Structures are given as structure tokens and as C-alpha cells.
Amino acid sequence: MKAFYADEQKRHDPKAFLSSGSPKPNPEQPERVERLLAGARAAGCEIVRPGEHGLGPIAAVHTPEYLDFLERIYDRWQRIEGASQEVIPNIHPIARGGSYPASAVGQAGYHMADTSCPISAETWESSLWSAWSAVEAAEAVLSGEPAAYALCRPPGHHAFADVAGGFCFINNSAVAAQRLRSRAARVAILDVDLHHGNGTQGIFYARPDVLTVSIHADPIRFYPFFWGHADERGEGPGLGYNLNLPLERKSGDVEFLAALDKGLQRIRAFAPEVLVVALGLDAFEGDPFGGLSVTTPGFARIAEAIARLRLPTVIVQEGGYLCDELSDNLTSFLTGFGAR
Ligand SMILES: [Zn+2]
């Protein structure tokens with residue numbers, strides 16, 4: 001299987017992070033890339049640098065207002081006297097009306113859901129290349145490869161059409177799915193990250209052409225709190241095209257695989273032509289976030305079950321944080337999926 005990745009994706013190096021109000025080192029570290037590359041190589045992947053794809057495939061799922069903000073906000077922020085080095089919002093709208101703030105501070109609050117996605121000088125370029133890795137993996141599958149892996153970093157599934165959040169800026173899984181829609185009538189996205197894929201859900205919430213399924217720690221007591229509940233089923237023409245499968249905290253392989261069965265059943269009934277897997281490895285029992293208890297061999301079993309759909313598949317990296325087993329967990333998933 002080809003694994004798409006560009007070194008520019010490593011430049012984004014966020015510092016700030018608030019955990020229960022306390023400043024901590026940001027967990028979305030560039031070192032994740034080294035571990036994931038090692039894991040992909042151990043699974044037999046060939047690492048391939050993606051080409052540049054411009055803004056087109058990204059603008060297909062994000063608003064121009066938001067992309068303009070992401071591209072320019074760092075430079076604008078530097079002109080504010082006494083401002084922080086990284087762009088971090090300190091005010092958010094409770095509800096978003098028709099007006100749009102002109103100030104950098106107001107726009108940061110408008111376009112950033114939380115404080116875990118600080119924007120630095122390198123964020124925009126790293127995010128572009130991360131998205132292009134997803135585009136290239138989608139292109140590989142459209143050209144007949146049975147599967148491709150996009151080593152996307154920064155991750156993407158918490159990014160809405162016009163909001164960053166949870167370490168995410170551009171929604172790489174959504175970019176891949178929309179690219180696949182150019183030649184597939186129906187695309188399914190299966191998100192197995194520890195956290196609910198709220199941005200992905202939001203982007204496709206009113207659409208019947210992209211089915212979104214997410215398995216995650218129950219948001220009643222876990223990030224992202226305001227999304228990911230079982231009663232969120234889609235809206236308008238998209239009603240019935242979103243499935244959330246929240247799990248109790250510390251659920252292990254057995255519970256995860258049971259939820260996965262339900263998700264796969266829904267995907268089969270949707271009869272998609274192609275699948276995107278939003279692959280978070282943070283459901284691991286030893287991940288620093290500690291929300292679920294999937295084991296290293298458990299990732300292989302999850303991948304085997306997904307592979308039995310026998311669909312052309314784009315695997316997009318989402319979360320999974322620094323722990324000794326991060327490489328092994330990726331190798332386990334990719335090996336379980338089968339290079340085919
Ligand atoms: Zn996550």
C-alpha cells in the first residue's frame with residue numbers, strides 16, 4: 001500500500017494547550033510523524049510524497065472566509081501589540097449571527113472552537129500538505145489501487161467547514177471523501193478515532209451522498225462534549241445518513257468490535273462505492289488521552305472487519321498520541337487491513 005506524506009507536514013509545532021484550564025505541552029507533536037512513518041514502513045508501505053493540488057479540493061469542503069482566515073491570521077496576529085506568539089482565541093460567539101468580525105481577535109474566536117489548535121507561522125503550509133496527502137491517497141484509489149494511506153498531520157476530523165478545533169485545521173477525511181465523490185455516487189466515512197468526528201459530521205450533516213459513521217468515547221463526559229451523541233442522525237436530506245456509536249469510557253476490544261459491527265452493517269446498507277477510514281489510534285489503552293482500552297492486536301481485528309467490506313478504501317490518519325506503542329498500533333491496523 002502507498003503511504004502519502006510530505007516533510008512540510010512536520011513544521012507545524014504547536015506549543016499551547018489547556019487541559020482542564022492548566023497549561024500543558026500540546027500533545028499533537030511533530031514527533032508523531034516519525035512514529036507513524038516507522039509504523040507504515042513496518043507494515044510494508046512505500047512512502048510517497050504527494051504533489052501540490054492547490055486550494056480547489058480543500059475549498060470544496062471549507063468556506064472561502066475560513067481559508068482566507070487560516071492563511072493570513074498568523075501575520076495579522078503579529079501586528080497586535082502584546083499578542084501571544086501563537087494565535088489563540090480568548091472569546092467565542094455563543095451563537096453565530098449574520099455579522100462577521102473585522103478584527104483578528106474576533107475572527108479567531110469565530111473560527112476556532114477551542115484553545116487546542118494554536119496557529120503558528122508554519123500551520124497553514126503544514127495543513128495544506130496534510131490535505132494534499134489525503135487528496136493524493138484519494139487519487140490513488142480512484143486510479144485503481146485497492147487502498148491507500150494518507151499520513152495526515154495535522155489531523156482533520158474536528159475541523160468544520162469554517163471552524164478549527166481539537167488540533168485540526170483542514171478536514172482531511174472530508175477533503176478525501178469529496179474528492180472521491182467526483183467519480184463515486186456514494187461515499188462512506190468510518191471514523192474510529194477515540195474522539196467523535198464532529199467536524200466531519202458537520203460538513204456532511206445535511207447530505208445523503210456521504211454517509212458518516214463514528215465510534216468514540218461517549219461525549220457526555222468526553223471531548224468534544226457538544227457533538228457525537230446517538231440522537232444526532234443528520235438533517236434535511238441528510239436525515240438518516242449520520243450514525244454515532246458512543247462507547248462507555250475504558251471500553252475495550254470486545255465492545256469496540258461490537259459497535260464496529262453495527263457501523264459496518266449501516267455502511268453495507270448504504271452500498272457505497274468507496275470508503276474513507278478516519279483512523280485515530282488514540283482509542284488505544286495506553287494513549288495519553290486514556291478514553292478507551294483498545295489493544296494493539298485489537299487494531300488488527302478492527303482493520304480485518306473493515307477490510308471484509310471489500311471496498312476501495314482511503315485510510316486517513318487522525319489522532320493517536322505519543323506512547324511507546326504508537327508505531328506498532330499503526331502497523332497492526334495496516335497489516336490487519338492487508339496490503340492486497
Ligand atoms: Zn482523537
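Student: How far apart are the end C-alpha atoms of residues 27-335?
Tutor: They lie 26 Å apart, and the span is 37% helix and 12% strand. Helices (H or I, at least four residues) and strands (E, at least two) are DSSP runs, numbered from the N terminus. This is a predicted model, where local features need pLDDT of at least 70, side-chain atom pairs count only at pLDDT 80 or more, and totals for chains, interfaces and linings use all residues. Residues are numbered from 1 along each chain as its sequence is written, and side-chain values use heavy atoms, with hydrogens and water left out.
Student: What does UniProt list for residues 27-335?
Tutor: An unreviewed UniProt entry gives "domain: Histone deacetylase" for them. UniProt positions are in the numbering used here, feature names are shortened, and annotations may be inferred rather than shown by experiment.
Student: OK, metal next. Which residues are the protein donors of the zinc ion?
Tutor: D193 (OD), H195 (ND1) and D282 (OD), lying 2.0 to 2.1 Å from the zinc ion. Donors are N, O and S atoms within 2.8 Å of the metal (3.2 Å for Na, K and Ca); water is not among the atoms, so sites may look incomplete.
Student: How are the donor residues spaced in sequence?
Tutor: The pattern is D-x1-H-x86-D.
Student: Is D193 buried or exposed?
Tutor: Buried, with a relative accessible area of 1%. D282 is buried too, at 0%. Buried means under 20% relative accessible area, exposed over 50%, partly exposed in between (1.4 Å probe, protein chains only).
Student: Switching to pockets: what volume does the largest pocket have?
Tutor: About 870 Å³. On a 1 Å grid over the protein atoms alone, a pocket is an open set of points with protein on both sides within 12 Å along at least five of seven lines, while a cavity is a set where a 1.4 Å probe fits but cannot get out; lining residues have an atom within 4 Å of a point. Grid points are joined across faces, edges and corners, and a volume is the space filled by probe spheres set on the points.
Student: Which residues lie nearest the centre of the largest pocket?
Tutor: A113, D114, S116, G166 and Y223, out of 38 lining residues. By class, that lining has 19 nonpolar, 13 polar and six charged residues. Ala, Val, Leu, Ile, Met, Phe, Trp, Tyr, Cys and Pro count as nonpolar, Asp, Glu, Lys and Arg as charged, and the others, Gly among them, as polar.
Student: And how many cavities of 30 Å³ or more turn up?
Tutor: One, in a search of the whole structure. The largest cavity holds about 60 Å³ of space, and strand 7 gives the largest share of its lining, three residues.
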